[in-house]
Structure formats: structure tokens, C-alpha cells
Amino acid sequence: MILVLGGLEIIREAVYFFSPSSNDDAYKIVLVEPGSFYKNAENLAAEGIIHDPIRFYRIVRVLRIQSKIKIGEYEVRLNMSPYQILKVLMSGKSVLHPVHIPEGYNIDQIADDLATKKLVDRKEFIKLSRDIHMAKFLGIDEPSLEGYLYPETYSFTHFTGDRVILKTMVDKFKEVYNRDIKPLAEQKNMPMHDVVILGSMIEKETGAPEERPIISSVFHNRLKLHMKLQSDPTVIYGKTGDKKNISRKDLLTPTPYNTYTLYGLPRGPISNPGRESMIAAISPVESKFLYFVSQNNGTHVFTSNYKDHQKAVAKFQLDPAAREGHSWRERLKKTP
């Protein structure tokens, strides 16, 4: 009698194991977190993926597969059987979340995007990105990873973690730099850090890709003449508090990034530049331009003397009508 009951019990468990608990073919995302798998089984039941967490957990114990179940985020269907669900949980193929990091984003902006998708803790990510020991561990001999987090579309899981995310971005930077930038930089005898700094400034100065080599020529011409670079984005990066507006006081307040008060390049990058901006930093066009002023649409007027520059400032910056309703962002919206 005991053997018969045992046989019936095995049959019942087998039927349960291979039978879907629902006819609904909708997808759900479930988390398998560190700790007791029974807690994860309860979470699966709470999501309607399984109906009997105790039974589900018992099968996992009997089959001795608890150690094969990988921590992660998984996509499962409601009409999957416990067997099919366990196959997914043992696959290690966690759901990937795409993250697009635009060219010219700085560490804070990258942290905002990643935190919005719940991939990192914003404060911890920023702290780690600006940790000199982390930078050195990743092969960047600078006090911060600013400039070295390559703008690209990445895919991460909720369990990837800050360090792996940073390593992925820095590795991508190294790949692009070594392949496309380093040979050009060595020809011009331009150190990598200078390339990244100047590229980061070019990235922030223009919304028009075709202007990058011209912007670069202005900076190179000024450096040759020992003129201050006077780049507003460097002032904004180095100031504290409100980062949206810039005042005369800000222009006159010395910081390691204020190129209105210091000569040469700022201390470090002010954003994370893309390939084209770094190439532009090394390969400016030939020009006599020393000034540029925004036309309020993402493009600039370039001039070679201060008198013409002042005329452009009066036309495009001092006249309220020239600025009203204009933005370089509007130009980007129209770019295919």
C-alpha cells in the first residue's frame, strides 16, 4: 500500500512539474535575488507565475538544482510549466536593459540615466566614477573617469553592478581610442588626456557635427597664441550650484576648469566625448579663426578678430529677438 501511495505521489509531482499553471501566454519579468530560494519561490507565486511555492521549492530540493539557479532578472510566460520556468532560471540569460549614453554626457548625466533604469545607485556610481583608485584599477591614470566613459548604447542587467558597468564603458573607450584615435594622436605628439579634454570641450560647444573641426581650430589657434580658451562649458562644469545659468561672476571666479581665468586646457575633461570629437581635437581645419558665437540654433559664426566677434555677439546674443524661441536642441530634432 505504501509503495502504491508513493507511486501515486510521484505521478502527481510529475504532472505538476510538467503542467502549465495557466493558459495565459502573457510575459512577466521576475527577479531571482540572492538568499533563500524559497523566498524567490514565494515571489514567483505572488506574481502569478506558480501557484504552490512550497511544492515548487520541494521539487528544486529533490532535484538538487538549487545551486544551478542563477541570480538575475528573467522573462517568463504565465503558461509555462514549473519545468520550463526552472530551465529559464538556470539559463543565466538575464533580461538586458538597453542604455543609450549620448556623446557629451558627463558623469552626473550618465548616473541619472542609469539610476532612472534602476541599474545603479546614483550617488554610489558618481562616487566610484570619481575615485582615483577605481580609475587606476581600470587603467586610467587620472583622478576621475570623466571623459573615459565612452558614449554608446549598452545593455546591462539589474545585477550587472557599478564596477562592471564602468569597466564596460572604459573598455569601449580603450577599444575606440586605440583603434581610431591613438595613431593620429601619436603623429601629432598629442597626449591622450589632452585629446580627451579638448574632445570633451568640442563636444559641449556645438550641436553641429560639421563644426567640430572648426571649433577645434579656434582652440588650437588660441593655444598657439597663448590666449585663454574662454569656453563657457568649462566654466559651467567647474562651478557649484546652478549649472544651467552662467553669470559674469562665474566667468571671473577661478576654478581648475574656468578657461576664462586660466591659460591652456582645464584640469580634466568636462564630458565624455565620442570618436568624431576626439578626431577633431587632433585634426583641426586650417583657419585663422579666434572667436565663435552661437547663432542660437546649434551653429556658430566664426571670426578672426575681436571687432567682427563683437558684431556677431551684438547680432545673435544681445538682441533678444535673435534668441527668442531658438535652441540648438531644435536643430537636433530636425537632424535625421
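Gly161 is found in the loop between E4 and H8, where helices (H or I, at least four residues) and strands (E, at least two) are DSSP runs numbered from the N terminus. The model is a predicted one, in which local features need pLDDT of at least 70 and side-chain atom pairs count only at pLDDT 80 or more, while totals for chains, interfaces and linings use all residues. Residues are numbered from 1 along each chain as its sequence is written, and side-chain values use heavy atoms, with hydrogens and water left out. Gly161 has a relative accessible area of 24% and is therefore partly exposed; buried means under 20% relative accessible area, exposed over 50%, and partly exposed in between (1.4 Å probe, protein chains only). From C-alpha to C-alpha, Gly161 lies 6.7 Å from Val120, although the two are 41 residues apart in sequence.

The protein chain contains 16 helices and 6 strands. Its mean pLDDT is 89, and 92% of its residues reach 70 or more; pLDDT is the predictor's confidence in each residue, from 0 to 100. Over residues 1-5 pLDDT stays under 50, and the model has 0 contacts beyond four places in sequence for them, contact meaning heavy atoms within 4.5 Å. Over residues 325-336 pLDDT also stays under 50, but here the model has 15 such contacts.

The C-alpha trace of the protein chain spans about 105 × 45 × 35 Å along its principal axes. The radius of gyration is 28 Å, whereas a compact globule of 336 residues would have one near 20 Å (taken over C-alpha atoms; the globule rule is 2.2 Å times the number of residues to the power 0.38). Of the 336 residues, 42% count as buried. Among contacts with a separation of 6 or more, 62% are between residues 24 or more positions apart.

The largest nonpolar core has 51 residues, of which Leu114, Leu145 and Met169 touch the most other members. A nonpolar core is a set of buried Ala, Val, Leu, Ile, Met, Phe, Trp, Tyr and Cys residues joined through side-chain atoms within 4.5 Å. Elements giving two or more residues to this core include helix H5 (107-116), helix H6 (122-129), strand E4 (153-156) and helix H8 (162-187). H8 supplies the largest share, 9 residues. Leu114 touches Val99, Leu119, Val120, Phe125, Phe156, Ile165 and Met169, with residues up to four places away in sequence not counted. A second, separate core of 23 residues includes Val30, Val32, Leu78 and Met80.

In H6, the buried residues are Phe125, Ile126, Leu128 and Ser129. These lie on the same side of H6 because they cover an arc of only 165° around the axis, the arc being that of the directions from the helix axis to the C-beta atoms. The buried residues of H6 pack against H5, H7 and H8, while the face turned away from the buried side carries the exposed residues Lys123 and Lys127.

His193 lies in helix H9 (residues 192-205). His193 counts as buried because its relative accessibility is 16%. Its side chain makes a polar contact with the side chain of Glu142 (3.4 Å). A polar contact is a pair of N or O atoms within 3.5 Å; within protein, one must be able to donate a hydrogen and the other to accept it, and residues adjacent in sequence count only if both atoms are side-chain atoms. Beyond four places in sequence, His193 touches Glu142, Tyr148, Arg267, Gly268 and Pro269.
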